[in-house]
Amino acid sequence: MVRLGSSSMTGNGSNNTTINRKIWMLLLAAWLIFLVISQLEFVRFGNKSSPRLMINLHEGDGFFLVAVIVNRVFAADLFNITAFECRQWIEFMGSAGVGHIYWYDTAHGQSESQEENLRPYVESGALTYHRFYSLFPMLESSDCHYEQENSYAHFLANYNQSSVWALEMDVDEYPFSPMDTFPAFLARFVQRRAETSEVSQILLQCMFFLGNPAGDPGNWMIERYQRRKRETEGRIAGSRSRQKPIFRPSLVESATSIDAHMFSMGTGATIVAEEEEMRMNHYWGPRVTNFGPDTPELVEMLVEDSSIQPTASYLKRTRNIGTQS
Ligand SMILES: *[C@@H]1O[C@H](CO)[C@@H](O)[C@H](O)[C@H]1NC(C)=O
Ligand SMILES: *[C@@H]1O[C@H](CO)[C@@H](O)[C@H](O)[C@H]1NC(C)=O
């Protein structure tokens with residue numbers, strides 16, 4: 001019998017050698033296991049300090065998590081969404097663990113087109129750009145519902161096999177986790193949720209950030225609005241609570257009646273995420289007072305919430321996306 005610790009006392013040389021060899025083998029095994037695990041982490045989440053979209057987040061032939069967005073930048077927009085805000089959203093999503101973005105630009109004319117502004121992302125392979133009105137006819141009755149429904153249907157028809165998961169949000173909507181503010185937090189969350197049950201859709205509760213912007217006007221959107229309602233819009237699945245989905249595009253039942261707040265899934269369960277784990281910050285700002293000043297009633301409804309600031313500061317430090325254009 002060889003017992004660790006006692007062997008050297010016996011002065012048995014051959015036992016000693018055996019034990020040393022065993023210890024070295026154990027250490028070697030531990031080191032190999034560590035190497036394998038650290039590689040797996042790398043493959044799963046990409047390089048955590050990568051300053052660009054993590055386009056290496058492939059799973060099989062496709063991506064693990066993509067985002068689809070429908071957006072129009074127009075001069076009369078009092079909320080002031082410009083190419084600068086589009087870049088912020090793209091960089092934020094990349095940092096959250098989104099591997100690729102499908103962008104449907106609903107520009108109503110060449111002057112509104114974001115094609116040139118988004119070209120660097122297209123060229124780096126991070127973004128697929130579609131001019132909506134090059135794909136679909138502009139009708140008398142064209143409105144944002146027509147644009148949204150057909151964009152999502154186009155995404156489903158053409159890209160439902162290209163990723164395991166997809167996130168659908170607007171340019172003023174940002175996923176946020178109060179408990180994980182590190183890069184790739186969103187991919188990590190989806191992986192965690194998808195591991196434990198037969199989930200095919202995860203709805204994020206909507207947290208409204210309201211009131212007029214504050215601070216430096218050159219700040220990022222997520223810095224300008226840091227007052228929110230006390231509660232989310234609730235847990236009732238879908239449009240009533242303004243939720244937005246993370247879903248498995250290949251399992252969407254049909255694209256005939258599209259609800260931007262919740263897809264109709266063919267298989268698997270739809271769950272609502274706990275807001276402490278993951279929510280959606282919706283930057284609605286002064287639209288709530290029709291762009292008038294904050295009212296006392298509004299101010300009374302709001303609490304300060306700057307918990308996204310470390311993420312904003314990190315992104316501003318590591319991304320060079322210029323300023324308001
Ligand atoms: C939009 O820009 C105008 C002009 O710079 C400014 O007066 C206004 O406060 C901005 N509105 C918002 C919601 O940022
Ligand atoms: C998903 O993709 C497949 C294969 O391309 C296609 O047949 C199917 O109609 C698509 N699903 C939806 C909902 O568009």
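Predicted model: local features only at pLDDT ≥ 70, side-chain atom pairs only at ≥ 80, totals over all residues.

Residues are numbered from 1 along each chain as its sequence is written, chains are lettered from A and ligands numbered from 1 in the order in which they are written, and side-chain values use heavy atoms, with hydrogens and water left out.

**Whole protein**

- The protein has ten helices and twelve strands, where helices (H or I, at least four residues) and strands (E, at least two) are DSSP runs numbered from the N terminus.
- Of the 325 residues in the protein, 49% are buried; buried means under 20% relative accessible area, exposed means over 50%, and partly exposed lies in between (1.4 Å probe, protein chains only).
- Among contacts (heavy atoms within 4.5 Å) between residues at least 6 apart in sequence, 77% join residues at least 24 apart.
- The protein exposes about 16,200 Å², of which carbon and sulfur atoms supply 56%; accessible areas come from the Shrake-Rupley method with a 1.4 Å probe, and for residues only the protein chains shown count as cover.

**Aromatic pairs**

- There are 15 aromatic pairs, counted where rings of Phe, Tyr and Trp (its six-membered ring) have centres within 6.5 Å, with planes under 30 degrees apart taken as stacked, over 60 as edge-to-face and the rest as tilted.
- The rings of Phe132 and Tyr146 have centres 5.8 Å apart and planes at 85°, so this pair is edge-to-face.
- Because Phe132 lies in helix α5 (residues 132-135) and Tyr146 in helix α6 (residues 144-159), the pair ties together parts that are 14 residues apart in sequence.
- Phe132 is buried at 0% relative accessibility, and Tyr146 is buried at 17%.
- One aromatic cluster is formed by Phe92, Tyr174, Phe185, Phe209 and Tyr283.

- Arg228 has its place in strand β8 and counts as buried, at 15% relative accessibility.
- Leaving aside neighbours within four places in sequence, Arg228 is in contact with residues including Phe208, Phe209, Arg279 and Asp305.
- A polar atom of the Arg228 side chain lies 3.3 Å from the backbone oxygen of Arg230.
- Glu233 is found in the loop between β8 (227-229) and β9 (244-247), and Glu233 is partly exposed, with a relative accessible area of 26%.
- The side chains of Glu233 and Lys229 are joined by a polar contact of 3.0 Å, a term for a pair of N or O atoms within 3.5 Å; within protein, one must be able to donate a hydrogen and the other to accept it, and residues adjacent in sequence count only if both atoms are side-chain atoms.
- Not counting residues up to four places away in sequence, Glu233 touches Cys206, Phe208, Ser241 and Arg242.

**Ligands**

- Around ligand 1 are Leu78, Asn80, Pro213, Tyr225 and Pro286, each with a heavy atom within 4 Å of the ligand.
- Taken alone, ligand 1 exposes 360 Å², and the protein buries 41% of that.
- A polar side-chain atom of Asn80 lies 2.3 Å from an oxygen atom of ligand 1.
- Around ligand 2 are Leu156, Ala157, Asn160, Gln161 and Val252, and the protein covers 49% of the 360 Å² of accessible area that ligand 2 has on its own.
- A polar side-chain atom of Asn160 lies 2.4 Å from an oxygen atom of ligand 2.
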